Structure formats: structure tokens, C-alpha cells
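Here is a short report on one protein model.

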Amino acid sequence: MNDIWPKKLFLVGCGNMAGQMLTRWLACGLDPARVTVLRPSGRAVADGVQVVTAYPASLAPGTTVLLGMKPYQLGDVATALAPLCGEGTTLLSILAGTPLADLRRQFPKAGPIVRAMPNLPVGLGQGVTALHAEAASSEAARTAIDALIAPLGLAEWIADEGQFNEVTALSGCGPAFLFRFIDALARAGEAIGLPADQAARMALATVHGSANMAAQASDSPAVLADRVASPGGMTREGLNILDADDRLLKLLTDTLCAARDRGEEMAQGG
Ligand SMILES: NC(=O)c1ccc[n+]([C@@H]2O[C@H](COP(=O)([O-])OP(=O)(O)OC[C@H]3O[C@@H](n4cnc5c(N)ncnc54)[C@H](OP(=O)(O)O)[C@@H]3O)[C@@H](O)[C@H]2O)c1
């Protein structure tokens, strides 16, 4: 089998998000001996993974660096890290709202730089990761990143980096919106008289089963919805409420717009 893993993986920060990515990579066969994590706390990460609190003297050629700290720390991190990065270093950044041009300015001598926006289910291999590489990136660099991201779930290359706030609104923030929907479905069940704990279990299992079913179906979710709603039946009556004046669609469009606009404000320093 091909070795899909980078020769060395150096993680700068390993909190909620980078930690989920690393958990999945290790579960899929990444040798922990190839991984070094830099985190100020020095807290252990996983068996066999080296954790350091200071930068090494050098990075081996063929190292992929995952920038997984907070975006505001980029300047400080780059001061220490950029001198270690040469042509043989690939940078993968998950820093929200940090354009490739800023990363290139901070790491002028590094090899390929790829921007990624993962979401939390990557830890289960069921995440979504949006990717964007510099125009000059080689096919080989993109292929290597594809191989690294594949175990995390769906990978989507975004043609226009200007759309990162849009994809972040949909898939980056999406898990929270879905958690809210599951909770609302449960509370609605409670509102019409079901015991709260039972409604919560049923709402979660309904969303889980339906999402799996939609993922395996050859028809779109829109078609599936109509197929289970026979005219005059209960499901159709319920759908008529969701569909009236496109109210669910408008609610979700407003939700994504608000998240996107906040991303744009933050990029302006707001
Ligand atoms: N959370 C999400 O859903 C999500 C989604 C997409 C992208 N992101 C991006 O992921 C990045 C991390 O977010 P998070 O939620 O994972 O944050 P987090 O849980 O707070 O993790 C931050 C990590 O950075 C480390 N760190 C702190 N100061 C550092 C420094 N000076 N140098 C190097 N590392 C340092 C921390 O070390 P210790 O472990 O020692 O404290 C920690 O491991 C952000 O850039 C965010 O935009 C997050």
C-alpha cells in the first residue's frame, strides 16, 4: 500500500480542532513516531507522539507543518518558525480568516502553503474540509494534501479563496446549526406532549438515520422529502409548514449570511 503520510508532521498547537485531526490520522495508521506537537502547556497528546514546548533547531525536509494555534498568534509563531521552513516544508493552515497571502508573507521561503477549513466531525472521519492552495502550487502538492485530508471525510477544493467565509458559514459553523436543529426537534416533540428524554433520543436518532440514508441515496434530499410525503398525509402537512413562503430556506440563508458577515467583520479587525 502507498504511504500516504508525510515523512514528518509538525503540529503547532493541538487543541480542539488540530487534536481532532490528529486523533483521526493516528486511528487511520499514521505512525506516531512521525509526529511532533508543539504546545506551550506541554500536555501529552497520544502514545508515541513527541510533545515539545520550544521549537526544534531544524525541520527535516519533507515535513508538513500544521498551523493549529489561534490566528492572532501567527506573527509570534512565524518569527520562530519561518527560519526553519524551506522549500521542502509544506504548510497546512487551519487558521480561520487568515488568507494565503498573509501566510506567504510570514513564511516567504516555505514550500507549498495550503489553507484548510475543517469542521469538528473530522475526528470521526465524517468531517468536511475546505481547501485552497496558492495558484502556483504543484499537482503533487495538492495530491499529497488530498491524501492527508481523505481520512478526515469530505475534502472540497475551493476555487475562489474569497469564498472561505461562505464555506466556513456552511460547513465550519454547520455542526452547531445542526446541534440546534436536533435540540429544537426534541423540544418540539416535548411541546406536543412527549417525555423530554424520549423526545431527545428520538430526535437525535431520526437526524442520524436520515442523514445516513440521504448520504447513501441516489436521489437528492429534496426528492427524498417529497417521496416520503404522500398527498394528504401527516408528513405533507408538516412539510407544508416548513415550506410555507420558503421559511426554512430563508431562516437558513439568514443564518449563513450572519455567520459569513461576521467572518468578514473579523477579517477587517472587528
Ligand atoms: N474549533 C473549530 O471548530 C475550528 C474549526 C476550523 C478551524 N479552527 C481553527 O483552529 C485553530 C485552533 O482552534 P481551537 O478551537 O482548536 O483552539 P484551542 O483548542 O484553544 O487550541 C489552541 C492550541 O494552540 C496552542 N497554543 C497556544 N499558544 C500557542 C503559541 N504561542 N504557539 C503555539 N501554539 C500555541 C494551545 O496549546 P495548549 O494545548 O498547550 O494550550 C492549543 O493546543 C484556530 O486557528 C481556529 O481558527 C477551529
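Leu242, Leu248, Leu251 and Leu252 form a nonpolar surface patch of about 330 Å². Patch residues have over 30% relative accessible area and no salt bridge, and nonpolar side chains (Val, Leu, Ile, Met, Phe, Trp, Tyr) are joined within 5 Å. A salt bridge is a side-chain nitrogen of Lys or Arg within 4 Å of a carboxyl oxygen of Asp or Glu. Areas come from the Shrake-Rupley method with a 1.4 Å probe.

The model is predicted: local features need pLDDT of at least 70, side-chain atom pairs need pLDDT 80 or more, and totals for chains, interfaces and linings use all residues. Residues are numbered from 1 along each chain, and side-chain values use heavy atoms, without hydrogens and water.

Helix α10 (residues 247-267) gives the most to the patch, with 3 residues. Leu248 sits in helix α10. Leu248 counts as partly exposed because its relative accessibility is 31%; the class lies between buried (under 20%) and exposed (over 50%). Helices are DSSP runs (H or I) of at least four residues, and strands (E) of at least two.

| Residue | Part | Distance to a ligand oxygen |
|---|---|---|
| Arg39 | side chain | 2.7 Å |
| Lys70 | side chain | 3.3 Å |
| Ala96 | backbone | 3.0 Å |

The protein covers 77% of the 910 Å² of accessible area that the ligand has on its own.

An unreviewed UniProt entry annotates residues 161-266 as "domain: Pyrroline-5-carboxylate reductase dimerisation"; such annotations may be inferred rather than shown by experiment. Residues 161-266 are 80% helix and 0% strand, with end C-alpha atoms 16 Å apart.

Conventions:
Patches are made of residues with over 30% relative accessible area and no salt bridge: like charges are joined within 9 Å, nonpolar side chains (Val, Leu, Ile, Met, Phe, Trp, Tyr) within 5 Å. Buried means under 20% relative accessible area, exposed over 50%, partly exposed in between (1.4 Å probe, protein chains only). A polar contact is a pair of N or O atoms within 3.5 Å; within protein, one must be able to donate a hydrogen and the other to accept it, and residues adjacent in sequence count only if both atoms are side-chain atoms.
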